[in-house]
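Open the model in your viewer and keep the selection panel at hand.

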Amino acid sequence: MNGRSSSSNLLADENGHLRSKEQGRKREWVPRLSRMLILFIVLGLGVLLGVMVSLHILGYFEGSILGGRCANGFHNWLPTTKPAQGWFLPSNLQHGMPDEELLWRASIGPHRPGLPIKRTPKIAFMFLTKGPLPFAKLWERYFKGHTDLLSIYVHAPPGYRLDVPYSSPFYGRQIPSQEARWGEMSIIDAERRLLANALLDFSNERFVLVSESCIPVRNFTNYLQLQFGDELAGRSITWVDWSRGGAHPATYNKNDIDLNLVRRMKDDRGCVLFGELNQPCWFFARKFAPSSLEPLLALSAELFAPE
Ligand SMILES: *[C@@H]1O[C@H](CO)[C@@H](O)[C@H](O)[C@H]1NC(C)=O
């Protein structure tokens, strides 16, 4: 039976060779299959290429125009690898939260000691300004080399744009603000707004509030070494000259700035720190008119000298 069925399936090809019908059908099928396969592969590759190109274009535009950089256009498409990080360490100061929500968010504190993320404890420098920061250059010298240990917050009048280069530590550090007037409650609201923004970042552990007429009178390392405790409770670390009387302290201008004044501010060492006597009392000073910037910059080596 096997012999018959196999012999009936035998055909002679054009060269007179014998081969089976099945082999003939296979011959027809092989090219058809491979053609279809090639078609599928080409189609698949086309679709893949299309998707990749469109993602890349979208990613490119997103990265360069909206995000201000091209380095990683894909990052917003992918789930973040550290979801907790953004929550604890917010990077965008323009959160758009109204005060009520901001203060509520800022009041949240962890109930457990320790955070599930790595962070560097930082000092928050909060600048309450009426507009420009005349001493930005002096502060930049003060912050230089320490920017990983501090965060800056600037509350300027609404609509005011601080004019600083991208390289400045003040760049992009303005918080959403509202009108604030000296001697009115609105100034306290502005201070609370600054503090609340600083509290959103769990890295911040110390908070320094300064106005645009404030300057640093010792270097950052000195301030960093300052330990906060009972010794500092209830006393200021900002030098102010009230000797001229009135509701406002004396404002120093260009002509008042000399080595003598710098020494006067720094040499007051009648304070107790870390249980030790004769320690420096002042780390910041006010008030200074914008015209004092140049002479202060010239004396900055003296201001920030090692002690
Ligand atoms: C700042 O002061 C500290 C301690 O007095 C000193 O070690 C450091 O070198 C000073 N930094 C600069 C930049 O002068």
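Two packed helices are described by the angle between their axes and the distance between the axes. Here, axes are lines fitted to C-alpha atoms, for helices over the stretch in contact. Keep in mind that this is a predicted model.

**Stop 1: the helix pair.** Select residues 99–106, helix H4, and residues 185–200, helix H6. Their axes are 8 Å apart and meet at an angle of about 50°. Angles from 65 to 115 degrees would be roughly perpendicular and those under 35 roughly parallel, so H4 is oblique to H6. The crossing is left-handed. Now show side chains at the contact. H4 contributes Asp-99, Leu-102, Leu-103, Arg-105 and Ala-106. From H6 come Arg-192, Arg-193, Ala-196, Leu-199 and Leu-200. By class, this contact has 6 nonpolar and 4 charged residues, with no polar ones.

**Stop 2: the sheet.** Which strands form the open sheet, and in what order? There are 3, ordered S4-S3-S5, with parallel pairing. Select S4 (150–155) and S5 (204–211) to see the edges. Each has a single partner strand, so one side of each lacks a neighbour in the sheet. On average, neighbouring strands are turned by 20° against each other, direction ignored. Next, select S3, residues 122–128. S3 is joined to S5 by 7 bridges. Zoom in on Ile-123: opposite, in S5, stands Arg-206.

**Stop 3: the ligand.** Select the ligand, then its surroundings: Asn-219, Thr-221, Asn-222, Phe-304, Ala-305, Pro-306 and Glu-307. Colour this shell by class to find 3 nonpolar, 3 polar and 1 charged residues.

Technical notes
Residues are numbered from 1 along each chain as its sequence is written. This is a predicted model: local features need pLDDT of at least 70, side-chain atom pairs count only at pLDDT 80 or more; totals for chains, interfaces and linings use all residues. A residue is near a molecule or strand if its C-beta atom, placed from the backbone, lies within 6 Å of it. Ala, Val, Leu, Ile, Met, Phe, Trp, Tyr, Cys and Pro count as nonpolar, Asp, Glu, Lys and Arg as charged, and the others, Gly among them, as polar. Axes are lines fitted to C-alpha atoms, for helices over the stretch in contact, and angles run from 0 to 180 degrees between N-to-C directions. Helices (H or I, at least four residues) and strands (E, at least two) are DSSP runs, numbered from the N terminus. Angles under 35 degrees count as roughly parallel, over 145 as roughly antiparallel, 65 to 115 as roughly perpendicular and the rest as oblique. A crossing is left-handed if the near helix is turned anticlockwise from the far one by less than a right angle, and right-handed if clockwise. Two residues are in contact if their C-beta atoms, placed from the backbone, lie within 7 Å. Two strands pair if DSSP finds at least two bridges between them.
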